[in-house]
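Here are my notes on the model, as numbered points. Have the coordinates open while you go through them.

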Amino acid sequence: MMGDGGVKAMLAKPIQLADQVTKWADDAHYFRQECQELKTKTERLASLLRQAARADLYERPARRIMVDTEQVLDKAFALVSKCRAGGLVKRVFTIIPAGAFKKMTLLLDNSIADVSWLLRVSTASGDDGDAHLGLCPIAQNEPILFLIWEQIATLQTGSLESRADAAASLVSLARDNDRYGKLIIEEDGVGPLLRLVKEGRLEGQENAALALGLLARDTDSVEQMIKAGVCLVFAKVLKDGAMKVQAMVSWAISELAAAYPKCQDTFAQNNVIRLLVGHLAFETVQEHSKYAITSKMSIHSVVMDNKNQNNPNNVQKNGMHADLIDTSDQSMIKHPNHGKQPQQQNQNQIHSVVEHTLKTKSVKAAGLNGIMSSSGVKAREYEDPETKAYMKAMAARALWFLAKGNHAICKSITESKALLCFAVLLEKQTGDVQYNSAMALMEICRVAEESADLRRSAFKPSSPAARAVVDQLLHVVEKADFDDLLIPCIISLGCLSRTFRATETRIIGPLVKLLDDREGDVSREAVIALTKFACTENFLHTDHCKAIIAAGGAKNLVQHVYFGEQVIQIDALILLCYIALHVPDSEALAQAEILTVLEWSYKQAYMIQDPTVEAILPEAKVRLELYQSRGVKNYH
């Protein structure tokens, strides 16, 4: 819709032309009957134009229709002016084709139909929202544009039910064709969709959020949505909306962030990160009123707090009676192998301690501060399991794309309870919840790889959340069941390679096992991850190289260099070079004939052209020659 000033400016000239055509038609000396017919049509058109001047019109089609109408009236004015008295000479030299009046009548009829359609579509009350308004003549050559106009107009003026249907129609159009999505944005469809997200019923809100997500095809599209206020609207829904709508909005956020990463900070400024983490944490780790897990909470303090809670002498603490603290484990998700293996039992005990401590702190804080709305919590609790799982999956997906390459957002996420949530979801959930959690962790770990500050704050070995994350990443790698889940976990472990102590020896072995008889993508990611352990930039590279050799990695790497696809050949060669540089006196390297492999690789033009190979292969070859020419000593 548009303001009155825009309407008057747009309609002034067509109305003036229509009045002039009517006046001159009465003065016609030739073709008087035909001119009177044109006058009748023009008067009808002028009446509609005056109605339009008083209406709140849908601007996009209005502009196109008024431009076309003005051109038609210009032609009508020129035709009737030829029929006025002007003497014999003018009559002789003025030629009016026989079909001119018939053609002009048709053009005026089309303009009347166009303006009539514009009035109906701009002022529909909503009671007739399901009635099809018919195809206006101006849209004959582009019926999709007409359909988009009609649906957007319904979104602006229709009933809530018809607006929901219109949003569903835009979903179908946006899903089918990128061009249709661009047209929806160009024809001012974003604003009405956002209003429906805020004001509609459940179905309408879901449809509108889905449409907005589908419109996020490129940078320009997302920029226009950001300017229209999508971040603020989505934040409000994440705070107060129904869970199904919140899930769809979370998905839409992930689409916007994927198409235009610069919008990440705008979402963060609107509190979206905190709200998404809250949805992720609901029934994952126990709720508490604080956004962040305090950085001072060490594993020792967590355990001691748990012991204090179990102490019968502590009946009252902080003014709260013990029966206000829910100590049952019914809402806690048990480890499937709990009690079967000592190592897993110890791991689960740590997890249970952390979760239990968060839970009890949560209840205390809620009792003291009364921050959370009890009605909102109950509404979420009564949602069906499928909706809850979908909400978590979409919240994780949104955090995945919001965290991608963004240090500030990753720091915000890691300062919250999100890391612990991701660890629990990776362990307990399946499908999209598990996969999206793994992908979110991967993006956070990628940023941490480039940021020593983030590594120290989020992934220090003493952090319970960081340990839980590593445990679950390693568990997935050890199981090695699904490649789609396996690859992000491999990448995450590689990115965290500089956070592990020399005593942390359990990471290398499972990664080395993936070099043998796995799909190419998995083996390649395993090679790249191991390279991050073995490269010179890793302070513990010597220890890690020895661990790779001890796990049998040299033999598998030789096979990849000789027989692997070209991409993995180069990566395997780089890893072999680092191992040769840092442990040149290894007996295992001599037995695997690594020197022969390096000499063969040196003769392969496509290998030596790689910048990293070119930089380290000659030195690795020289070091192996130096040590192995003296006779290989036993490797310790």
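1. Cysteines first. The sulfur of Cys-535 sits 8.8 Å from the closest cysteine sulfur, the one in Cys-545, and that is too far for a bond; a disulfide here means a pair of cysteine sulfur atoms within 2.5 Å. Cys-535 is buried at 12% relative accessibility, where buried is under 20% relative accessible area, exposed is over 50% and partly exposed is in between (1.4 Å probe, protein chains only). The disulfide total for the structure is 0. Cys-83 is in no disulfide either, with the sulfur of Cys-35 as its nearest cysteine sulfur at 3.7 Å. Cys-83 is buried too, with a relative accessible area of 0%.

2. A word on conventions. This is a predicted model, so local features need pLDDT of at least 70 and side-chain atom pairs count only at pLDDT 80 or more, while totals for chains, interfaces and linings use all residues. Residues are numbered from 1 along each chain as its sequence is written, and side-chain values use heavy atoms, with hydrogens and water left out.

3. Helix α10 is mostly covered, with 11 of its 14 residues buried. Helices here are DSSP runs (H or I, at least four residues), numbered from the N terminus. The buried set of α10 includes Gly-204, Gln-205, Asn-207 and Leu-215. Among the elements covering those buried residues are α7, α8, α9, α11, α12 and α13 (243–259).

4. Helix α9 (residues 190–199) is worth a look alongside. Its buried residues are Val-190, Pro-192, Leu-193, Leu-194, Leu-196 and Val-197. They pack against α6 (143–157), α7 (160–176), α8 (178–186), α10 (202–215), α11 (219–227) and α12 (230–240), with contact meaning heavy atoms within 4.5 Å.

5. Helix α24 (residues 464–479) has 16 residues and reaches 23 Å from first to last C-alpha, close to the 22 Å expected. Of those 16 residues, 12 are buried, including Asp-471 and Gln-472. Just after α24, Ala-480 takes a positive phi of about 50°.

6. Thr-414 lies in helix α20 (residues 407–414) and is buried, at 12% relative accessible area. Leaving aside neighbours within four places in sequence, Thr-414 contacts Leu-419, Ile-444, Leu-454 and Ala-458.

7. Now the rings. There are 8 aromatic pairs, counting rings of Phe, Tyr and Trp (its six-membered ring) with centres within 6.5 Å; planes under 30 degrees apart are stacked, over 60 edge-to-face and the rest tilted. Tyr-562 and Phe-563 have ring centres 6.0 Å apart and planes at 55°, so this pair is tilted. Tyr-562 and Trp-600 pair edge-to-face, at 5.1 Å centre to centre and 70° between the planes. Tyr-562 is partly exposed at 27%, Trp-600 is partly exposed at 28%, and Phe-563 is exposed at 65%. Elsewhere, ring pairs link Trp-117, Phe-146 and Trp-149 into a cluster.

8. Finally, charges over rings (NZ of Lys or CZ of Arg within 6 Å of the ring centre and within 35 degrees of the ring normal). Arg-397 lies over the face of Trp-400, 5.8 Å from the ring centre. Lys-621 lies over the face of Tyr-602, at 5.5 Å from the ring centre.

Note on methods:
Helices (H or I, at least four residues) and strands (E, at least two) are DSSP runs, numbered from the N terminus. The expected span of a helix is 1.5 Å times one less than its number of residues.
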